[in-house]
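I opened the model today and kept notes as I went. The entries follow in the order in which I looked things up.

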Amino acid sequence: QLQLVESGGGLVQPGGSLRLSCAASGYTLHNYAIGWFRQAPGKEREGVACISRSAGYTTDADSVKGRFTISRDNAKSTVYLQMNSLKPEDTAVYYCAASSHPSVQAMCAPPTEKLYNYWGQGTQVTVSS
């Protein structure tokens, strides 16, 4: 069974950068689209970014456009989320998830949590001075 482990979270000052990693074990990532989601205290979980199986499609939430970049290295079974110009409102637990749904695999669409089969445990990102 596919297992996902996030890493790279931590405390950073506003304007700083972090790179999150999502590493797979138990199975390779190359058959899945991978999404990053986040959940801030008292808020619902929201989608942040997605990368298709072939890396031909990526999607970003409006709140992170131009600041966050998702990428994947299938040889390493790892997906990355590069986060720049971080803001206090980016503070949340960040989760990666894998989807084998055909349209998500191909185009990261629709952006529906229920279509993601496997989830990591999350990594905390705190943006504060």
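**Entry 1: a strand and its hairpin**

I began with strand S7, residues 68-73, where Phe-68, Ile-70 and Arg-72 make up the covered face, while Thr-69, Ser-71 and Asp-73 make up the uncovered one. I note here that the model is predicted. I then looked for the partner of S7 and found S8, which runs antiparallel to S7 and is joined to it by six bridges. From the uncovered face I picked Ser-71, and its bridge partner in S8 is Tyr-80. S7 and S8 form a hairpin with four residues between them. In that turn I checked Ser-77, which has a positive phi of about 50 degrees.

**Entry 2: Ser-85**

Next I moved to the loop between strand S8 (78-83) and strand S9 (92-99), where Ser-85 is found. Leaving out residues up to four places away in sequence, I listed what Ser-85 touches: Gly-15, Gly-16, Ser-17, Arg-67 and Asp-90. I also took the C-alpha to C-alpha distance from Ser-85 to Gly-66, which is 9.2 Å for a separation of 19 residues in sequence.

**Entry 3: disulfides**

I searched for disulfides and the count came to two. Cys-22 and Cys-96 form one, with their sulfur atoms 2.1 Å apart. This pair links distant parts of the chain, since Cys-22 is in strand S3 (residues 18-25) and Cys-96 in strand S9, 74 residues apart. The torsion about its S-S bond is about 70 degrees, so I recorded the Cys-22 and Cys-96 disulfide as right-handed. Both Cys-22 and Cys-96 are buried.

Cys-50 is joined to Cys-108 by a disulfide, S to S 2.1 Å. This pair also links distant parts of the chain: Cys-50 lies in strand S5, and Cys-108 in the loop between helix H1 (102-107) and strand S10 (118-119), 58 residues apart. For Cys-50 and Cys-108 the S-S torsion is about -80 degrees, so I recorded that disulfide as left-handed. Cys-50 and Cys-108 are both buried. With the bonded cysteines numbered in sequence order, I wrote the pairing as 1-3, 2-4.

**Entry 4: the largest pocket**

Last, I looked at the largest pocket, which holds about 180 Å³ of space. I counted 17 lining residues, and those nearest the centre are Gly-47, Val-48, Ala-49, Thr-59 and Pro-111. Which strand gives the most to the lining? S5 does, with five residues. Strands S4 (33-39), S5 (46-51) and S6 (58-60) each supply at least two. By class I sorted the lining into nine nonpolar, four polar and four charged residues.

Note on methods:
Residues numbered from 1 in each chain as written. Predicted model: local features only at pLDDT ≥ 70, side-chain atom pairs only at ≥ 80, totals over all residues. Heavy atoms only, no water. Contact = heavy atoms within 4.5 Å. Buried < 20%, exposed > 50% of the residue type's maximum accessible area, 1.4 Å probe, protein only. Pairing = 2+ DSSP bridges. 1 Å grid on protein atoms, 1.4 Å probe; cavity = no way out; pocket = protein on both sides within 12 Å on 5 of 7 lines; lining within 4 Å. Points joined across faces, edges and corners; volume = space filled by probe spheres on them. Nonpolar A, V, L, I, M, F, W, Y, C, P; charged D, E, K, R; others polar. Disulfide = S-S within 2.5 Å.
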